[in-house]
Amino acid sequence: MDRWWIASALALAFAFIPVVACTTAGSVVGRSDRWAGADMLVGFGLLTGTISILAVTTRFPLSWLMAAGASLSVIAVITRMRFPGSRSTWIALALVLPILVSAAGSKPAMWDDFWNWLPSAAYAYEHDSLPWPDLDPPFSIFPGYPQGMPLMIAAASFLGGSLVETAGPVTNVALLAGSSAVFAEALAAALVRRSALEAGKFPASLIASAVAITILLNPGLNGAVLLSSYADCASMVAVGALGLLGVEILVRLSKEPDNASGFAWRFGLIAAMLINLKQANPILLALIIAALALVVMREPAIPWRSTLPQLSRMLGPPIVLFGMWRWYLLQNSPSWEQTFRPIHDWNFGVLPQTLHSISDLIADAPVFHGLMWSVTAVGLVSLFFTKCNEARYLAAICAVVWIGYNAFLLAVYAGAMKLSDAEIAADYWRYTPHVALLGLYPPVMALATSRWPAWMKRIQPAGSMPTLAALLVAVSAMPVRSDLNNPSGREWQHFLRKVTTEVRKVIPLGSKVLIVPAWNASPFAVAVRYNLWQLGMLKPPISATILWDEGDFHKVKAWAQTGKVDYLIIQDAEGPMDEEIAALGLPHLNHEFALFAWRDGKWEKLDSWPIFDVSFH
């Protein structure tokens, strides 16, 4: 137990240092009224974007680029005499400390942890570089995906001296705290404009309330995704922050146009963060910009002439980053990312099944989708009003982005995903929460800025009782939401990790292993392959291959006879495997994870591990 605590504490420290570096870097951008709570997100875009650009245009080691970026940020902060993040960021981080500790002690369990995100981070750490044709082949399935999250994991790994797998979950939780700080800043700015809060005053109760709303009351937040290396939570944070900063820019343009440029630059760097997280995120940015443009068109108080100069600042950083990343992919391989097929090959025929699957997924999350469509309806109506407030601006942005993103996802299912994934609307439950904070913010902003009765105004938000109540609600996120502590359905993945560790003791390094998947949605095959690789350990690797195509079963014997395969791994706990076992010439399995070795012209069972009482979902 002591070892676990020590390992978790070290992982938290190593993962937290890049977060602090981002906060430091972000604090140098903008004026003194910059909303310091956004420093972490601004710095994430600045550092990971700059490192990505330099990594694809030079061959300097990534560790050098990271060290240089962090050092320059510290020097700039000292020169400008600024405190990174201000109290909003650090109070928010303190309130999510229990979740940070849980994240630091978590283990990878999600499909794409093993399939893409951790292999990408391990490659960056092990080779101190992004993939290039003259280096080893990439580990991940889509090495052309943006590298924002893998770079954060690699940075923590350089500090720790080995792959820090939990750096992704720690970064996700820290970004949620940063998102809460931005929301608190937005609420404070709106209250100051209404003389409901004194300028310069920032009660802790406001920050704690923002944390509680962002984490505890967020129906789009999924604990399993949060405690993973997926970039979905970070995407949700960036989209929400862009909505808040975009509205603040509009308000300033309507009142004091000369005081919006700093916010425009910070918007641009958070937009770069969004671009550097997921391949599809440029669509989200385009929808946010389109929504802001629609609001400007409907709001006569915002002059077009003052808007256009800010647009170059808002779009400059993400456009440069996107252009350099596209250039890098052209130099390597277009197969490194998902692409749309020619339109005559689209899955139009399964569109009814896709829509039916989406309706089932909506029914499984009624609170989230009810919130999103309700705010969308209000936002559409708001587009026909002039002289709107911050809440209506946010609702209008939510409406445009939510409708547009759902339409885009339908296009992805039809034109990019394979038929089976399109039929089940694969991961719709994970993609739509990218817009969750845009749906959560408008009603909260509307309540906060409403005209309250005189007796309620006498309750001071900075008083001890409201502050204590808000703090207690914020820190209750862990016990109230068990998915933030120990998400369900991870027993199977933990079993696989334990067994694969034992398998590595049986087979020698450099062996060639074939893994037979169980033909379902479980990450069995990719999890076993990832755990066999021991990426980032700088040892002679085990060559692990997944036998995806059942049409290749008849080739396995020839592969073994010619030395292309030494060992075979298979399990029958997730469904009947009789046909596969017969085709491979293996003895019967009895609810077990089995390791076979090729001996004397046949497969001999070396060891097996019984599988009982393990949850697969």
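**A ring cluster and its surroundings**

Modeller: Start with a cluster: Trp492, Phe495, Phe524, Phe593 and Trp609 are linked by ring pairs. Rings of Phe, Tyr and Trp (its six-membered ring) pair if their centres lie within 6.5 Å; planes under 30 degrees apart are stacked, over 60 edge-to-face, and the rest tilted.

Some ground rules. The model is predicted, so local features need pLDDT of at least 70 and side-chain atom pairs pLDDT 80 or more, while totals for chains, interfaces and linings use all residues. Residues are numbered from 1 along each chain as its sequence is written, and side-chain values use heavy atoms, without hydrogens or water.

The structure holds 23 aromatic pairs. One of them joins Trp115 and Trp548: edge-to-face, 5.6 Å centre to centre, with 85 degrees between the planes. Trp115 sits in helix 6 (residues 111–127) and Trp548 in the loop between strand 2 (543–546) and helix 26 (556–561), so this pair ties together parts 433 residues apart in sequence. Helices (H or I, at least four residues) and strands (E, at least two) are DSSP runs, numbered from the N terminus. Trp115 is buried, at 15% relative accessible area. Trp548 is partly exposed, at 38%. Buried means under 20% relative accessible area, exposed over 50%, and partly exposed in between (1.4 Å probe, protein chains only).

Now back to the cluster. The ring centres of Phe524 and Phe593 are 6.1 Å apart and their planes stand at 80 degrees, so this pair is edge-to-face. Phe524 belongs to helix 25 (residues 524–533) and Phe593 to strand 4 (residues 592–599); the two are 69 residues apart, and their pair links distant parts of the chain. Both Phe524 and Phe593 are buried.

The side chains of Lys605 and Glu592 form a salt bridge, 3.2 Å from N to O. Lys605 is in strand 5 (residues 602–610) and Glu592 in strand 4, 13 residues apart. Lys605 is partly exposed at 33% relative accessibility, whereas Glu592 is buried at 7%. A salt bridge is a side-chain nitrogen of Lys or Arg within 4 Å of a carboxyl oxygen of Asp or Glu. Side chains of opposite charge can pair when their charged atoms come close.

Strand 2 came up with Trp548. Strand 1 (residues 512–515) runs parallel to strand 2, and four bridges join them. Strands pair if DSSP finds at least two bridges between them. Lys512 has Ser543 of strand 2 as its bridge partner.

Arg194 and Glu390 form one, at 2.6 Å from N to O. Arg194 lies in the loop between helix 8 (167–193) and helix 9 (204–216), and Glu390 in helix 17 (residues 390–415), so parts 196 residues apart in sequence are tied together. Arg194 is partly exposed at 34%; Glu390 is buried at 6%. Both belong to a network of salt bridges that also includes Asp33, Arg193, Glu248 and Arg252.

Asp232 and Arg430 form another salt bridge, with the closest N and O atoms 2.8 Å apart. Asp232 is in helix 11 (residues 232–255) and Arg430 in helix 19 (residues 428–431), 198 residues apart. Asp232 is buried at 3%, and Arg430 is buried at 5%.
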